Amino acid sequence: MRHLAPRTTDPQERQRLYICGQMPAKWHDEIRDLFRAREIVRLNHPSTLKGDEAQYVRTQQDLSRRLLDTLGRQLRQSLENGSFVFRGQQVASRNEAPTLPAALNRRLKEVAELVYEKYSLAGQPAATDTAAVFLQARDLTALPQSDPLRLADANGAVRLDHAALVALSDHLKLHHQMDGRPLLDHFAAPPYGWSKDTTRYLVAALLRDGRVKLRTNGQEVSGTSVEARAAISNTNGFNRVALRLADGVPSADLRDKAAHRLESLTGDTVSPTLSSISRVAREFFPAKRNALAGLPSRLRAVQVPGPERAEEVLTQLNDLLAGDDAEVISRLGDPDNQLVANLNWADNLNRQLNQGLEGTLRDLVPMRDRLGRLPELAALTELRRATAEPLAQLAELLTHDTFGGRVAELTTAHQHLREALKAGVQALAQHQTRQLALAGKELQEMYSWNWLDVENQTAISDALTALEQPYTQARQGSLSDLDELLNHGQTVEEHLRGLRHRVSTAQPPAPEPDDAQEDSGTTPSYAPVRLRRRLTSTADLDGLIARLQQLRSALVAGQSVDLDFED
């Protein structure tokens, strides 16, 4: 607290209100226990568990609720006994009110009046359509409801001495030209706090009086035009416009800033004169625009963030080159203009793509997408584990358009995925080879296997060998290898079903007739049948059922059957 109070007098801290309190002993342990309990519940849903495990997770749910309630109560009590700190002043919370919500409401109201000290200049909020109505009205004296700040006088003229209009004009004079979005953001922030609808309404007044010029879709339009009304009628449209003062030559300070920015971009010395700045800009920016023309489509082709920002850079360059010399200086000299930052971003990213990043992304993005949706196969468990961390890293790297500055991390993640994929392909091939061998052994252990003649047994063995060949051939460990193995696994399963059916439906050889029996007229006897006393698999059961079905035909034919069970 002793160090916080002086710090709140710093310019960057003057808009912040702090509330401080002393937490009780062992609260770190309670937070640790709370985190642990919530992680257990997050990772183990009770509905998926049974018995003691489910009961344990429910116990952790109850524990997390109790700890959260306890910590919340302790935090509230701590803050109620604590202090507010604002601009070097410390005020006890209980001096404001006995309860925390009441104390916060009272203190926030006091602080808000200090932070938004100019809010009262335009404190009457405007409606969404106020700007458009004010701009296109024929007679301002007939608009009491659409002029909440009374910007028009009794004669219908705009009151340019209104404090809010003076503040807006001074800000435009300082920046000379400003895009719509940052202008709205500026007056929504301290010390103003004006609504965006109110700021558009104020701009409409200056437009109507011809004090500012508005540029939309690359063209400067008059304040009473259809294009101006469309651009100013809502916040989304206003965000895309640019505003500047109607008259005036760029100041010396603006020319200096424009010249310095050109020097940082070109590496050449630029004289801070109108003609020199214009000449260098019109020589430099067209070549830069041509070099970056293909950047949006290249980014879309590799499916990464940034195409919209790249298009914005090209639009900014077109707008810059379409203006006159004064506008070129105004845009380059404006400290809030993002052209230079966007241009540096686009230039760096374009260079990285040319130096190999584009090829890396063409391989990396499909790999990321494919490995992120692996099927739930036991043979792929290790592959999913090995790719989890690089996939999570890529999710963070490729979420924003700043990935061009983190090429080393992208390359490392790419390498890890390639290594994991190669190992995963090898493991999958080995697993599927073992499974095929087990299936072949299972076929040979079926009762009906020995009823097949040599030709059929050889044909089945050859078929198993042919199915095994894709598993044993050399592979680079690519995505195509992974998909081929997975697809071949389905083919193997289909073939195995056919082979199992072929073996299980095999018929035993017909018994040779006994001449002595035929002469004596006695009932013929079927060859003794040996059956296993113990069955160990479904294949054994299928074989037994098939064998008994075949014996049925012998009994129907009048033959007797002797059964012999193996030990």
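Two strands count as paired if DSSP finds at least two bridges between them. Helices (H or I, at least four residues) and strands (E, at least two) are DSSP runs, numbered from the N terminus. The views show a predicted model, in which local features need pLDDT of at least 70 and side-chain atom pairs count only at pLDDT 80 or more, while totals for chains, interfaces and linings use all residues. Residues are numbered from 1 along each chain as its sequence is written, and side-chain values use heavy atoms, with hydrogens and water left out.

**View 1. Confidence along the protein.**
The average pLDDT (the predictor's confidence in each residue, from 0 to 100) is 83 for the protein, and 91% of the residues score at least 70. Helix H8 (residues 180-188) has the highest confidence, at a mean of 93, and helix H22 (residues 515-520) the lowest, at 49. Where pLDDT is low, the predicted coordinates should not be read in detail.

**View 2. An open sheet of three strands, in the order E1-E2-E3.**
The pairing in this sheet is antiparallel. Strand E1 (18-20) and strand E3 (89-92) are its edge strands, and each pairs on one side only.

**View 3**
E1 and strand E2 (residues 83-86) run antiparallel and are joined by three bridges. Tyr18 stands opposite Val85 in E2. E2 and E3 also run antiparallel, with four bridges between them. Here Phe86 has Gln89 of E3 as its bridge partner.

**View 3. A second open sheet, with four strands in the order E4-E7-E5-E6.**
Again the pairing is antiparallel. E4 and strand E6 (219-221) stand at the edges with a single partner strand each, so one side of each is left without a neighbour in the sheet. On average, neighbouring strands of this sheet are turned by 30 degrees against each other, direction ignored. E5 pairs with E6 over three bridges in the antiparallel sense. Leu214 has Val221 in E6 as its bridge partner.

The search uses a 1 Å grid over the protein atoms alone: a cavity is a set of points where a 1.4 Å probe fits but cannot get out, a pocket is an open set with protein on both sides within 12 Å along at least five of seven lines, and lining residues have an atom within 4 Å of a point. Grid points are joined across faces, edges and corners, and a volume is the space filled by probe spheres set on the points. One cavity of 30 Å³ or more is found in the whole structure. The largest cavity holds about 30 Å³ of space. Its lining consists of Gln177, Lys213, Arg215, Glu220, Ala242, Leu243, Arg244 and Glu327. Strand E5 (212-216) and strand E7 (242-245) are the elements that give two or more residues to this lining, and E7 supplies the largest share, three residues. By class (Ala, Val, Leu, Ile, Met, Phe, Trp, Tyr, Cys and Pro count as nonpolar, Asp, Glu, Lys and Arg as charged, and the others, Gly among them, as polar), the lining has five charged, two nonpolar and one polar residue.

**View 4. The largest pocket.**
About 660 Å³ of space lies in the largest pocket. Of the 25 residues that line the pocket, Asp179, Asn239, Arg240, Glu312 and Asp319 lie nearest its centre. At least two lining residues come from each of strand E4 (177-179), H8, E5, helix H15 (307-322) and helix H17 (339-371). H15 gives the most, with five residues. The lining divides into 10 polar, nine charged and six nonpolar residues.

**View 5. Backbone details in two loops.**
Most residues other than glycine have a negative phi, and most peptide bonds are trans. Pro190 and Pro191 are joined by a cis peptide bond, with omega about 5 degrees. Pro191 lies in the loop between H8 and helix H9 (196-208). Arg150 has a positive phi, near 55 degrees, and is a residue other than glycine. The loop that holds Arg150 runs between helix H6 (130-136) and helix H7 (163-175).

Conventions. Axes fitted to C-alpha atoms, helices over the stretch in contact; angles between N-to-C directions.
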